[in-house]
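This report walks through one protein model, from its overall make-up down to single residues. Keep the sequence and the 3D view at hand.

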Amino acid sequence: MLQRVRAQLRQVSAQMARRPVLCCGAILLICALILPITLTCGREKAVVALARAPGRFFPTDGQVLDLFLGQLEEAHVLREEADVSVVFYYAPWCAHCLTAQRVLQQVALRLTAQVQFVAVNCWWHQGRCRKQKNFFQYPVIHLYYWRFGPIEYRGPVQSEYLESFILRVSTPLTYLPTSRALHTFLTHQQGVVGYFQFNSSPQPAGYISFLLSALHALRRDHQGAVRFAVVTNQAVAEGVSLREDESVYLHRHLNSSLVFPRAQRNLTAQAVCDWVFENRESVVHWIQPTGAKSYSLEAELQKGPALLTFLPHNPLSANQLLNQVTDVALRYHSCGSEDGVSSVPRCCQSLLASGAEASVCELCVSHCWALSVCVEHVQLSSAPCRSVQGSYSPFSQISVCCRSVPRPIPGSIPGSIPGSIPGSIPVSITDSITGLQCRTNNTLRFYMLDATLHWTLAQRLGATNHSGRPFITIINLRDETHYVLKHTDSLEDFIQNFSVSFSPLHRHLVGHKQHQHTQSLIQEVTSDSFLDTVMDSQRDVLLLYYSTWCGFCSLLNHVFLQLARLFQGNGALTVARVNVGRNDLPWEFMVDHLPSVLLFPRHRFKNPVIKCKTLFRTV
């Protein structure tokens, strides 16, 4: 075939060489055809229309200044004029930006007198923001404190969380004028205290560095786990062993507190921030899964057994439940001596509590000079038996124990605490959890989650109702087990029972409650009804294990339905199935592959469970 084509091409070229006029005519004809086509296509109008000019994303009468044309230079001028400014970069088509728009307007309405709010359209192709910024997702929220910034906000898009973060950036340092304020600041949080004298200079150089270090800490940790405060009174500073000017003190509950080593490091903002994050303690961790594909929760669970506490949290107000869990976590990690009791010498004072019955309370603190401060804060109760109430502070643990000899109340439960607060966590009378971390191999890590944001995860772990009470569970990913704290049990006993060698806790089985049809031939079994169904001594049970993700299981359903029709009317046999993908079962009744069919005979003591392998071949 190729040889014929080559031969024909040689003949054509030979004829054109003999007749050059014919060759020139062919070339002119081709050019005459190409030229009209080119001119016609060139006069055709463009099919891609120009993008329309963007409109305003925020209302004109709102508190947020909308630069919808991407004027980045104007945004720079506005944030340089304000003390604290919030810059909101958005794309008009983004659904997350629409959600954040309403949140930002709510926060701006409350903080408009303190903070400058600016919104910039970073999607308009002719705007300067699109040309200079390379954002991979929207929205992006940046905060600026004077010339320092940007500090990116990476928390939940909720008005309470965003407002709390803005307030922390607005006031990165807390002023502590008295010892009482110092005690309150360091009670249930990890704090950094700086001592500076303003006699010689209105703003000492070390104070500016300390202020910038607090902003650096917010840039690294948007949750603000470490708080920064400043002390100007020498008498107050001596309460945390600070006597020299421009000294920085890092308070730690479990280990010895530290003072910034100025002999080895320069007092710069980055050096102080690095020193704080290198030596800080992490007793209770706040984790915030994004709700999308995220490995943040799995990465923490891979480290070992974890105690997850789901509680309603508002970062703008104090949370008493959070303080209770934090106190338990601190006592759990307190390994002051071999028996778990702190070996620090204590000062105690006996006080008389007011009430219907006379009661004597003993107040103990670690430092004698703080005894007078604690007497004013601690509320004494005349309860018949009150457990030791501990709260960690810069003065270590403060304990109060009140005792009286009242007549026993008929019908009371031994060891119960009368007058408990509704919604609070039950407290154990015995203090067996102190130093438990050093006496067990099942070391727990404490985590907090906002129940409002992550209630779906709490329901998957066994939470039933969202009544404002905390939901607490222990997850052991290595053993694929988790346990749920009952409302009647105390958190201390729950942790103690998990830590023993032979734990009396029962594995929590999460099941999917499904409405049972009365006319169904196949009984649907869940986690709650599993044992009652398969352990029926009056009927044989034929059980199919399946899951929705199993493709062969769906093909096997009609075969199993035909089998149920064959045994219809047989009162001695129950045909059932269980979705193991949504219902947890006891380990002894699990299978290694799907689908599987197990027969549970009535006389199971003589005939064990039979696994049906060739059942459908006979049918």
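A residue counts as buried under 20% relative accessible area, as exposed over 50%, and as partly exposed in between, with a 1.4 Å probe and protein chains only. Helices (H or I, at least four residues) and strands (E, at least two) are DSSP runs, numbered from the N terminus.

The model is predicted, so local features need pLDDT of at least 70 and side-chain atom pairs count only at pLDDT 80 or more, while totals for chains, interfaces and linings use all residues. Residues are numbered from 1 along each chain as its sequence is written, and side-chain values use heavy atoms, with hydrogens and water left out.

## Overall make-up

The protein has 619 residues, and 42% of them count as buried. It holds 18 helices and 24 strands. Contact means heavy atoms within 4.5 Å. Take the contacts with a separation of 6 or more: residues 24 or more positions apart account for 71% of them.

Which residues of helix H10 are buried? H10 spans residues 269-279, and its buried residues are Ala269, Ala271, Val272, Cys273, Trp275, Val276 and Phe277.

H10 and H8 form one of the helix pairs described here. Axes are lines fitted to C-alpha atoms, for helices over the stretch in contact, and angles run from 0 to 180 degrees between N-to-C directions.

| Helix pair | Axis distance | Angle |
|---|---|---|
| H8 and H10 | within 8 Å | roughly 50° |
| H4 (95-111) and H6 (159-170) | within 9 Å | roughly 45° |
| H12 (320-333) and H15 (491-499) | 11 Å | about 40° |

Angles under 35 degrees count as roughly parallel, over 145 as roughly antiparallel, 65 to 115 as roughly perpendicular, and the rest as oblique. H8 and H10 are therefore oblique to each other. The term oblique also applies to H4 and H6, and to H12 and H15.

Handedness comes next. A crossing is left-handed if the near helix is turned anticlockwise from the far one by less than a right angle, and right-handed if clockwise. H8 passes H10 in a right-handed crossing. The crossing of H4 with H6 is right-handed. H12 passes H15 in a right-handed way too.

Now the residues. Ala, Val, Leu, Ile, Met, Phe, Trp, Tyr, Cys and Pro count as nonpolar, Asp, Glu, Lys and Arg as charged, and the others, Gly among them, as polar.

From H8, the residues Ser209, Leu212, Ser213, His216, Ala217 and Arg220 meet Ala269, Gln270, Val272, Cys273, Asp274 and Phe277 of H10. By class, the contact of H8 with H10 has six nonpolar, four polar and two charged residues.

In the next pair, H4 brings Val103, Leu104, Gln106, Val107, Arg110 and Leu111, and H6 brings Ser159, Leu162, Glu163, Ile166 and Leu167. The contact of H4 with H6 divides into seven nonpolar, two polar and two charged residues.

H12 touches H15 through Val325, Val328, Arg331 and Tyr332. H15 answers with Leu491, Glu492 and Ile495. In the contact of H12 with H15, five residues are nonpolar, none is polar and two are charged.

## The loop between E22 and E23

Asn583 sits in the loop between strand E22 (573-579) and strand E23 (596-600). Is Asn583 buried or exposed? Asn583 is buried, with a relative accessible area of 4%. Beyond residues up to four places away in sequence, Asn583 touches Val510, Gly511, His512, Val525, Thr526, Ser527 and Val578.

A polar atom of the Asn583 side chain lies 3.0 Å from the backbone oxygen of Asn579. The backbone nitrogen of Ser527 lies 3.4 Å from a polar atom of that side chain.

Pro595 also has its place in this loop between E22 and E23. A cis peptide bond joins Leu594 and Pro595, with omega about -5°.

## Other backbone details

A cis peptide bond also joins Gly149 and Pro150, with omega about 0°. Pro150 is found in strand E5 (residues 148-152).

Trp146 lies in the loop between strand E4 (140-145) and E5. Its phi is near 55°, a positive value in a residue other than glycine.

Glu480 has a positive phi of about 55°, although it is not a glycine. Glu480 lies in the loop between strand E18 (471-476) and strand E19 (481-484). Glu480 is exposed, with a relative accessible area of 56%.

Definitions and conventions. Polar contact = N/O pair within 3.5 Å; in protein donor to acceptor, adjacent residues only side chain to side chain.
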